[in-house]
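Here is a short report for a first reading of a protein model. Look at the sequence and the structure, then read on.

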Amino acid sequence: MDNRTLRSKSCRFCEAKVSAVDYKDVKTLRSYVTERGKMISRRVSGSCARHHRMVDTAIQRARNIALLPFADD
Ligand SMILES: [Zn+2]
């Protein structure tokens, strides 16, 4: 069985045709960080490289205005 064909496209931002990730959308961002505030890896989240980077930037912005906690490590 080929795993790559099974989950070829699971980036939910691509599916929703999102062109920019809103850093104020804490509800969405929270599903991309662990409880300790660490961003989950791309392999786990299923995001494409483009959107993963957008989420990463959005999380950093959200942290700077205290919407999200900083990573614990
Ligand atoms: Zn994507």
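## Rings and a charge

By the ring rule used here, the count is one aromatic pair. The rule takes rings of Phe, Tyr and Trp (its six-membered ring) and pairs them if their centres lie within 6.5 Å; planes under 30 degrees apart count as stacked, over 60 as edge-to-face and the rest as tilted.

A charge also meets a ring. The charged end of lysine 24 sits over the ring of tyrosine 23, 4.8 Å from its centre. For this, NZ of Lys or CZ of Arg must be within 6 Å of the ring centre and within 35 degrees of the ring normal.

## About the model

This is a predicted model: local features need pLDDT of at least 70, side-chain atom pairs count only at pLDDT 80 or more, and totals for chains, interfaces and linings use all residues. Residues are numbered from 1 along each chain as its sequence is written, and side-chain values use heavy atoms, with hydrogens and water left out.

## The overall fold

How many helices and strands does the protein chain have? It has five helices and zero strands. From the N terminus on, the order is α-α-α-α-α. Helices (H or I, at least four residues) and strands (E, at least two) are DSSP runs, numbered from the N terminus.

The protein chain has 73 residues, and 29% of them count as buried. Buried means under 20% relative accessible area, exposed over 50%, and partly exposed in between (1.4 Å probe, protein chains only). The chain exposes about 5500 Å², with carbon and sulfur atoms supplying 49% of it. Such areas come from the Shrake-Rupley method with a 1.4 Å probe; for residues, only the protein chains shown count as cover.

Now take contacts (heavy atoms within 4.5 Å). Among those between residues at least 6 apart in sequence, 57% join residues at least 24 apart.

## The zinc site

Which residues coordinate the zinc ion? They are Cys11 (SG), Cys14 (SG), Cys48 (SG) and His51 (ND1), at 1.9 to 2.3 Å. Donors are N, O and S atoms within 2.8 Å of the metal (3.2 Å for Na, K and Ca); water is not among the atoms, so sites may look incomplete. The angles among the four donor atoms are 104 to 115°, and the site is tetrahedral. Four donors count as tetrahedral if all angles lie between 85 and 135 degrees. Ideal angles for four tetrahedral donors are 109.5 degrees.

The donor residues are spaced C-x2-C-x33-C-x2-H in sequence. Cysteine 14 in helix H2 (residues 12–15) and histidine 51 in helix H5 (residues 49–64) are 37 residues apart, and this pair links distant parts of the chain. Is each one buried or exposed? Cysteine 14 is partly exposed at 21% relative accessibility, while histidine 51 is buried at 1%.

## Around the site

Cysteine 11 is in the loop between helix H1 (3–6) and H2. It counts as buried, at 2% relative accessibility. Leaving aside neighbours within four places in sequence, cysteine 11 touches Gly46, Ser47, Cys48 and His51.

Histidine 52 lies in helix H5. It is buried, with a relative accessible area of 17%. Beyond its neighbours within four places in sequence, its contacts are Met39, Ile40, Ser41, Arg42, Ser45 and Ser47.

Aspartate 72 lies in the segment after H5 and is exposed at 54%. Its C-alpha is 7.0 Å from that of lysine 38, 34 residues away along the chain. Threonine 34 and aspartate 72 are 10.0 Å apart, C-alpha to C-alpha, and 38 residues apart in sequence. Threonine 34 sits in the loop between helix H3 (26–30) and helix H4 (42–45), partly exposed at 34%.

Most residues other than glycine have a negative phi. Lysine 17 has a positive phi of about 55°. It is in the loop between H2 and H3 and is exposed at 73%. Alanine 66 has a positive phi too, near 65°. It lies in the segment after H5 and is exposed at 65%.

Terms used. Four donors count as tetrahedral if all angles lie between 85 and 135 degrees; four count as square planar and six as octahedral if opposite donors are over 155 degrees apart and all others between 65 and 115; anything else is irregular.
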